[in-house]
Amino acid sequence: MLSAPSQVILRNQDFFEQGNWLVANAPEAEIFTNLDRQRFSGFHQMFDVYQRCTNQAPEQRHEFAASITVKDAYDGAIIYMPKSKEHAQMLIQNMASCIKPDGLIYLVGENKSGIKSADKLFKQVATQVNKVDSARHCALYCAQINKAVAFDLANWVTYRDITVAETTVSVAFLPGVFSAGELDPGTRLLLENLPQTLKGDILDFACGAGIIGCFLAKKHENLQVTFCDVSALAIHATELTLEKNGFKGKVVPSNGLTNISQRFNHVFTNPPFHTGIHTNYDVTQDFIAGIKNHLEPNATLTLVANRFLPYPDQLKKSLGNVKTLAQTSKFNLYFSRA
C-alpha cells in the first residue's frame, strides 16, 4: 500500500499533467508505477528505494546521490518532506536549481513531519507558498520558484572536532545525516569503550558521518575499515570525514548488508531504529540476523542501542552469546563473539 503522502500526490495528478518532473526522496518505488515513466524521474538519497526503482523500471531515469546537479532540466519537482527541516531546506534549494525559471515545486508530507513550516522552508527561493491539498493527515504545498538559485552542497557541510578519551577527529556534518552537528550519546558510549588492541578488517555499519570508523582508524594503525550506509548524504559525509583526517577507507552504499560481500574481524555499529519519522526495527533486526555470515571465526560485534530496544535476545539467538560492556541511563553497549 502506498504511503499517505504518495496517495495525496496521486489524488492531485492533474497538477502534473504536463512537462517533465523530478520526484525527490519518494519513500517507496511503487509511486512510480502510477506515474508516466517518460515524464517522471526519481532522485533518491536512500539506496533501498533507489534499488527497488531501478529493478522495477530499468528504462526510467533514477539517480542516487547526495545532490543532483542538472540545471533547467525539469519543469517542476515534487519533494517528500524529510525528518529534518534543515534537510528540507537543502532539498528545496537543490531542486530549485534543477528546474526551469518560474517552475513549480510541490512539497508533500505528513502533518506531524513539520511540513506546516512550508512558508519558512521556501523562503530563500519563492515569495509565495500555497497549500493546495490536505488529506490523509498530510498536506501538499506548492511554490513557484521566482528567486535566483545557485546550489552547492559544500555550502551545507560543517566540520566539527569531536574529542573522546583524548582522541580527536574532525567530522563532516550534513543535514539529514544522523546526529547532525553533534556526537550522539550512544556513539560516545561506544567510543569511550573501544578495545585497546585491534587489527584486521573492520565494518562500521550504518556509519552516518563515519565517526566510529574514523576514531578506530585514528587509534589503531593498519586497519582496513569499510563504511556502509543506506543514505547518500551519509556516504558523502563519511567520504569528507575521511578526506579531512587523511584516512583511507572503503565507503559502500548498502541497504542493510545486501551490498556487503566480505567477512570482517570486527564490526561496530550504532544502528538506526527510525525510517524518516517512523519507528522501524527491521534494518537492525535483519542486520543482527545476517551479520554472522559476514564475520570471520572468532570475530566480534560491538553494538550500542537504547536500553529499551529488544536486541540482547536477538544477538544471543544469532551469535550464541551477548554481554553488556557498558551502560548509561539510556544506552547499553553490547558485545558478541562469533
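Asn-298 is found in strand β16, which covers residues 295–306. In this predicted model, Asn-298 has a positive phi of about 70 degrees although it is not a glycine. Most residues other than glycine have a negative phi.

Asn-25 is placed in the loop between β1 (21–24) and β2 (40–44). Its relative accessible area is 15%, and a residue under 20% counts as buried, so Asn-25 is buried.

Helix α7 comprises 14 residues, 232–245. From its first C-alpha to its last, α7 reaches 20 Å, close to the 20 Å expected at 1.5 Å a residue. Buried positions in α7 include Ala-232, Leu-233, Ala-234, Ile-235 and Ala-237. Thr-238, Leu-240, Thr-241 and Leu-242 of α7 are buried as well.

The N-terminal end of α7 is capped by Ser-231, with a side-chain oxygen 3.2 Å from the backbone nitrogen of Leu-233. Just after α7, Gly-246 takes a positive phi of about 75 degrees.

## Packing of α8 with α9

Helix α8 (residues 282–290) packs with helix α9 (residues 311–319) at an angle of about 25 degrees, and their axes are 8 Å apart. Angles under 35 degrees count as roughly parallel, and therefore α8 is roughly parallel to α9.

On the α8 side, the contact involves Thr-284, Gln-285, Ile-288 and Ala-289. These residues meet Tyr-311, Gln-314, Leu-315 and Ser-318 in α9. The residues of this contact divide into 4 nonpolar and 4 polar, with no charged residue.

## A buried threonine and an exposed aspartate

Thr-187 lies in helix α5 (residues 185–191). With a relative accessible area of 6%, Thr-187 is buried. Leaving aside residues up to four places away in sequence, Thr-187 touches Phe-178, Ile-211, Ile-212, Asn-270 and Val-304.

Asp-286 lies in helix α8. The relative accessibility of Asp-286 is 55%, so this residue counts as exposed. Asp-286 and Lys-123 are 163 residues apart in sequence, and their C-alpha atoms are 41 Å apart in space.

Note on methods
Residues are numbered from 1 along each chain as its sequence is written. This is a predicted model: local features need pLDDT of at least 70, side-chain atom pairs count only at pLDDT 80 or more; totals for chains, interfaces and linings use all residues. Side-chain values use heavy atoms; hydrogens and water are left out. Axes are lines fitted to C-alpha atoms, for helices over the stretch in contact, and angles run from 0 to 180 degrees between N-to-C directions. Helices (H or I, at least four residues) and strands (E, at least two) are DSSP runs, numbered from the N terminus. Angles under 35 degrees count as roughly parallel, over 145 as roughly antiparallel, 65 to 115 as roughly perpendicular and the rest as oblique. Contact means heavy atoms within 4.5 Å. Ala, Val, Leu, Ile, Met, Phe, Trp, Tyr, Cys and Pro count as nonpolar, Asp, Glu, Lys and Arg as charged, and the others, Gly among them, as polar. The expected span of a helix is 1.5 Å times one less than its number of residues. Buried means under 20% relative accessible area, exposed over 50%, partly exposed in between (1.4 Å probe, protein chains only). A polar contact is a pair of N or O atoms within 3.5 Å; within protein, one must be able to donate a hydrogen and the other to accept it, and residues adjacent in sequence count only if both atoms are side-chain atoms.
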